[in-house]
Every structure is written in structure tokens, then in C-alpha cells.
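I opened this notebook to record a few look-ups in one structure. The entries follow the order in which I made them.

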Amino acid sequence: MLQTNMLNAEKSRSPQTGPAPSDDAGSGGVAELVNLALGLLRRQYLVIILTAVFALTSCVIYLRITPPTYTAHVQVLLANPRAQFVQQQSILSEPAFDLNQIETQIQVLKSSALATSVITQLNLVNDPDFSGSGPSLSSLWRGTPTGNSTPPDQSKAGVPERLSDAVIAAFQDRLSAKRVGMSSILEISFNSSNAERAAQIANAVAKAYITEQLNAKFEANRSATTWLQDRLRDLGDQALNAEREVNQYKSQNNIVSPEGKSIDEQQVTELNNRLMAIRAQLTEASARLSQYEAILRTNPANSSSMGTLDAVGSDVSSNPIINGLRQQYLELTRRENEYSARFGPSHQAVLTLRNRMRDLRSSIFDEVRRLAENTRNDVEVAKQRQVQIEKQLAEAVVQSRTTNAAELTIRELENRAKGLRSLSDMFQQRYIGSKQQESFPISETRVIQPALPPQSKSKPKSKVVMALGLIGGIGFGVMLGLFRELMDRVFRTSAQIEAELGLPCLALVPELVVPHSPMRRAKSRSTEGDSGQRTIARDSAIHRAVVDRPLSRFAEAIRSIKLAIDLNATKTSNQVIGITSALPNEGKTTIAASLAQLIGHGGKSVIIVDCDLRNPSLSSSLAPNAVAGIIEVTNGSRSIEETVWRDPTTNLAFLPAVRRSDLLHSSELLSTDSMHKLFDRLRASYDYVIVDLPPLTPLVDVRATTQLVDHFILVVEWGQTKIDVVKHALHTAPTIHDSLIGTVLNKTDIKAMARYDSYLRDYYSDDHCARYGLSNSG
């Protein structure tokens, strides 16, 4: 809450100059948070340090009384749990292990059967880790080593017939197993208070697991061998019967199949191949004939170029006769172009070349007609051969249909016989391998890294515990400090007063520390002689601090109050000033007396009036021997001159209040006409009238003085006055609130202010006061 109030106060203190850029606002927010955090650390560092020390002490005690635990690790390479003959029959490539198999092996390692085997083998029933008789707290506190103690002699201890569930459960709690990465390696760990015993038990668990795997494999091989033997006998009989059925069926149907195929099937296959070949030849010849006919349809006799021959296929282009004629034609074309350019297109030589070119074109197309006629004959021959082969194929298909049913039966019988024979051979190989494994079982599971006695304990980890203790202690200390800050609903800075009350803080008055002097007190009692002279007592050094120590921070703070009164422009008159507080014992009387002393010492006429009628503490201090005061003046039994006391040093006048009995109607007395007349007379006689008023919360007397007093000053005790109390007191007295000049933060610890007001910490530096001759003490 203090941090929130200080942040709000700082915001209210900042000048409003319009919206700032976002970057500046963000950096300002971070700076404020940093300052608040640093302020919290400065204020609550003792709490944080004590909490951290307590946490570290608790960690040390925990480490001293907690038995050490040593963890030994052994790594085991797993084998495929399937039987060997099943692995060899696997068709698809499968991983040796999956997650389910890994988890199964882990559960086997942690099973009760395996635990019982190890406990019985090592006689762990009497071990302190399992019997519950561990090391005592006193031995742990003295630091007696347990990690290298010698295990109990197993030969002298008896082995019980049946293990208890508690011993097995304790063993399983200390045993753990996990997979190493994505490999087929299991890491077995065992915790014990003895390092050597931890390694011994971890190795024993691995050995017992491998032994169990061997026994299981031996039983599986023996069962597989027996089953293979029976199955192999049945498969051999079935394969032999199937082969006999195939031979018998072939003999009954007179089927001869050389090289595994029947004669009809071979004939049909051959005719199909020939039919496909003749069809390919027919297709090729028809394509060539189409090309030749396309060339002839272009009427080459009227063509004057070889463009048509340039577009024909490879059959025409590859003909040597046509190629020779084309070469001659191209040579004549070149010469014709040359002569035309030299002699003109109508020259006799050009015309002769053109006639020869026309003859060559005719010769070329005559050759094409010959090729077309030959190709047409080939097409006819191919069609006749195709018809003949199709006829032969149809006859062969009709003949083969009569033997299809028998061939299907033969194939079925042969496939069955071959399958049974192959299966019989495979089982024969498996049977031989299984028989060999049964006679000499070998486990692929093996220890790849045996357990060794650990050199250091696994838990509790001293560094981790201490680090966590330190971090936790600091964190809890910060939380506790923050809680104290939130619960610290008191005024500590001027910014808090301005933010919470909306009133200016006139001064930070330091706490006065005045040495006690009995001799001075005896000489400075107030006196009232026969002549009627009434002198204020000078034994109250607190009330005279501004006179005795004018160059002190306290005196400078009182001057700040005096200046605020003089500069107040809310009313035309600032002559009568009432000093009050929310609660008793906040120092309002001291502030009132010191303010009056300062004004009187400055040469102004001032009177201080004690209006705290029910508890006139100021009168008890300044005029303890007074027999009459303000009450007697208002009821007319005494005059002002007969009741006023004076200080010859500062010319300060004091109107005391004498309490003779319980005053029940003090508020009515303060609001009487005689009291108004009294204050009117004081206004006329003095430059300043300082009124020491009772507190606001317990009494209503202050509200009755609003017609007497021009302005009020509220005194708040630093670090003691609750914020809510002051706000409630002002809320219940709105007339007082409207007439307040400001507040005074009294009894301020200046040295501590730097921790609570980090923004103005330089303001509280002692160096500034020393530079101008001000003493730092109140």
C-alpha cells in the first residue's frame, strides 16, 4: 500500500504537460517500477536478510538430520523377447522393441518375484534400509559417515522362509528402471544409505533379470522344439500324399507337360506370337502405303519444287535412287538461281536447266509410284497371312478347351504339394535350430555397464538444497516485506500526504532528541511572585528548541510552517492559527509551542492559547503553577492580564488552561460569546494567535473553534498515524478540512526518509544541511 501511495503521489507531483510519447511513458513506467523495487529492498532489507538466514539455517539443519542416499546405476542391453524361431519367420522388417515391450521389461524388473529373488539371495531382510532401523538423528547430526559402512555379514544371518510385503515394498520403492533415450538399453538404479550396498544390489538385480531371461528362453525353446517336432511329422505326411495325388491324376487324364507346360498351351502361345508379328507387319506396310499415296496425290507433274518430297517420311528419303535424283535436282536448282541472277530468267541456259529439273521431278515421282505398288502387294500378302494364322489359332483354342479343366486341377494339386513340401523343409530347419538352442541356451540380454559404488550421495543435494533455500528465503522475505508494505497504512512521505489527503505538506519536522538535565530543570521552574509576574518555565527544552538551536533542521522546518502561514492567500486574515492532529501524542503541542517561540523570537507579538481544555498538556509544561487560565477569563473571574504568562527571552505570551475537575461541556464553552470576545481581543492585541487544539478523533472540540480560528494546521506523526484514521477524521469535520492550510509530518526519521522517498533521497542528505551550517539533529 505504501508503494501504491507513493506511486500515486509521484504521479500527482509530476507536471501535466499533455500526452507524452509512448516510448517515454514506457521508460518512465519501468523506471518507476525499478525505483519502487529498490525502495522496497532498502526499507525491508533486514526482513529479507533475516528470512534468508532463517531459510539457510533450516536447510543446514535439514541436511544434517536427513540420512544420505546413494544411488548406483547399472545398464542392461535388452534382447528381443520373442522366440528365435518366431523371429526367423518374420516377413516384414520390424523393430526389435516397441514401447509396449520396453514397458513390459521395466515391469518385470520391478516385479515382486524378482525383488524376492534378490532379497533372498543377499539376505536383505535384516538390512536397516528395509527393516526400518535406520541411523539415529543424533548420529546424523554428529556427522557419522554411513556411505562407506561395511554391510552386515550375510553368512551369520538367517534367511526367513517367507518375505513380508513391507520388505518387498521397501525394496521396490528404492528400485527404479528407465529406458536410455530411444535405445534398447535399460538403466537400473537402486537407492541405499550405503554406497557399496547400493552397487551390490543393483548388480544383483541385473544378474537376476538376465537369469530370468535365460530360464524363460529355455522354456520357450523346449516348448517350441516339442511343437515343431509334432508339426514337422504332420507336414511331411501331407506333402507326400499331395505329390502322390498329382501323379495319379496325370496318369488318369494322359496329360504330358514338357518343361512344365501342356502341348496345347504351347501351340496357342506360339500362334499368338505369330499373329501379333504379322499384324505389326501389316500395320507398318499400310503406313508406308499411305505415305506413298499422299505424295502421288499432290500431282507432282505440275509442281515446280521439291517441297512435297521434303515432307515425306524416312522410307522415301532413304531410297538411294530418289536420293541421287534429289541431289541432281538440288544442284540444278542452285545453277538455275545463279544463271537467273547473272543472265536473267528468260535466258536459254536458264530455260534448259528448268526443263532438266522438270524431268528429274518426273523421274522421282515415277520411283515413288513403283515403291507404292510394291508396298501394296506386301499389304495384300500380310492380310492373307493374318487370316490364315487367325484360323489356325481358333482351331488350337477349340482343341485346348477340352483339357482346361484337367489342367486347372493339376495346377491346384501341384501348388498344394509344393507348398506343403516347402513348409515341411522350413520347419525342418527351424526344428534343427531350436534343438541346438535348447541344448545350449544363450541370452542376448547382457550387462554393458556394471554398477560401481557412488562417490557422492544422490540426495539430498547440498548445493541444490542450499540454493533453493536461499532463493526461497529471499523470495519469502520479499513477499513478507511486500506484505508489510501493504499493511503499512501510515504516513511516511510528503507525497503520501498530498496524494491521500489532497493537502500540501508544509514541513517535515524531525524528531527532537533533547538530553535530560535535572539541574536545569530545577532552576527553570515557572514562577509567580508577589508582584504577579508570571514567567514561562524554561525546563521544557523541546518547546524552546527553535530558540536554543536556531540552526537545526527542526527550527528550519518550523520556519517552513511560519512561511506557509504568511503566504497563505485563501483568506484575508491569517492571524489565528489552530494546531490540531487526528490522534493524541502526535506532537501538535510541540509544533504549536515551537511555532509561537519562533514567531516571538522573530520580533512579532504572539500569544499561544491552550484550548485543549480536557488535557492541557501545554499548560502543564509551560505553566505548571498556573492557578487561572482561559476558563476563568471566559467566565469573568479573572482578566487576561492576570492569567497570561510570558517568556522574557522571546516575548512570547501564553494563555494557559487550568484543569480543576472533569470538564463535561468543553465544546459549548469554546463556542460561547465570551470566547468569541476573548479571541477578538487577542486579535487586536497580538500579531499572531497560535491555538493548541485537542485532537480530532476523540473529541469534537475542534469543530466548535471554526468561528474562532482563521486556519488550521494538521499535525501527522511520521510512521505512526494511520492514513484511514486521518481521512476519517477530516471526513467527519468538513469545516476543518476546508480551513486547513496544510499538514505537518512530525517526528520524521530523516535518515529513514531516503528509503521511503527514493525520488527525493538527495533532498534528505546531511551534506546539504552542513553546507549552510544546519545541524542534522532535531
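**Entry 1: standing of the model.** I note at the outset that I am working with a predicted model.

**Entry 2: nonpolar cores.** I looked up the largest nonpolar core and found that it has 50 residues. Within this core, the residues with the most contacts are I607, V609, I630, F679 and V689.

**Entry 3: helix 20 and helix 21.** I recorded helix 20 as residues 553-567 and helix 21 as residues 588-601. Their axes come within 10 Å and cross at roughly 80 degrees. Angles of 65 to 115 degrees count as roughly perpendicular, and helix 20 and helix 21 are therefore roughly perpendicular to each other. On the helix 20 side, I listed F554, I558, R559, I561, K562 and I565 as making the contact. Helix 21 contributes T590, I591, S594, L595, L598 and I599. I sorted the residues of this contact into eight nonpolar, two polar and two charged.

**Entry 4: aromatic pairs.** I searched the whole structure and found two aromatic pairs. In one of them, the ring centres of F171 and F190 are 5.1 Å apart and the planes stand at 45 degrees, so the pair is tilted. F171 lies in helix 8 (residues 165-174) and F190 in strand 3 (residues 185-192).

I turned next to Y339 and F343, whose ring centres are 5.8 Å apart. Their planes are at 65 degrees, and over 60 counts as edge-to-face, so the pair is edge-to-face. Y339 and F343 both lie in helix 13, four residues apart, about one turn of the helix. I noted a relative accessibility of 42% for F343, which counts as partly exposed.

**Entry 5: R335.** I located R335 in helix 13, which covers residues 320-343. Is R335 buried, exposed or partly exposed? Its relative accessible area is 27%, and R335 is partly exposed, because buried means under 20% and exposed over 50%. Not counting residues up to four places away in sequence, R335 touches L353 and R356. I also looked up R335 and R354, which are 19 residues apart in sequence and 9.9 Å apart in space, C-alpha to C-alpha.

Key: Residues numbered from 1 in each chain as written. Predicted model: local features only at pLDDT ≥ 70, side-chain atom pairs only at ≥ 80, totals over all residues. Heavy atoms only, no water. Core = buried A, V, L, I, M, F, W, Y, C linked by side-chain atoms within 4.5 Å. Buried < 20%, exposed > 50% of the residue type's maximum accessible area, 1.4 Å probe, protein only. Helix = DSSP H or I, 4+ residues; strand = E, 2+ residues; numbered from the N terminus. Contact = heavy atoms within 4.5 Å. Axes fitted to C-alpha atoms, helices over the stretch in contact; angles between N-to-C directions. Parallel < 35°, antiparallel > 145°, perpendicular 65-115°, else oblique. Nonpolar A, V, L, I, M, F, W, Y, C, P; charged D, E, K, R; others polar. Phe/Tyr/Trp six-rings, centres within 6.5 Å; stacked < 30°, edge-to-face > 60°.
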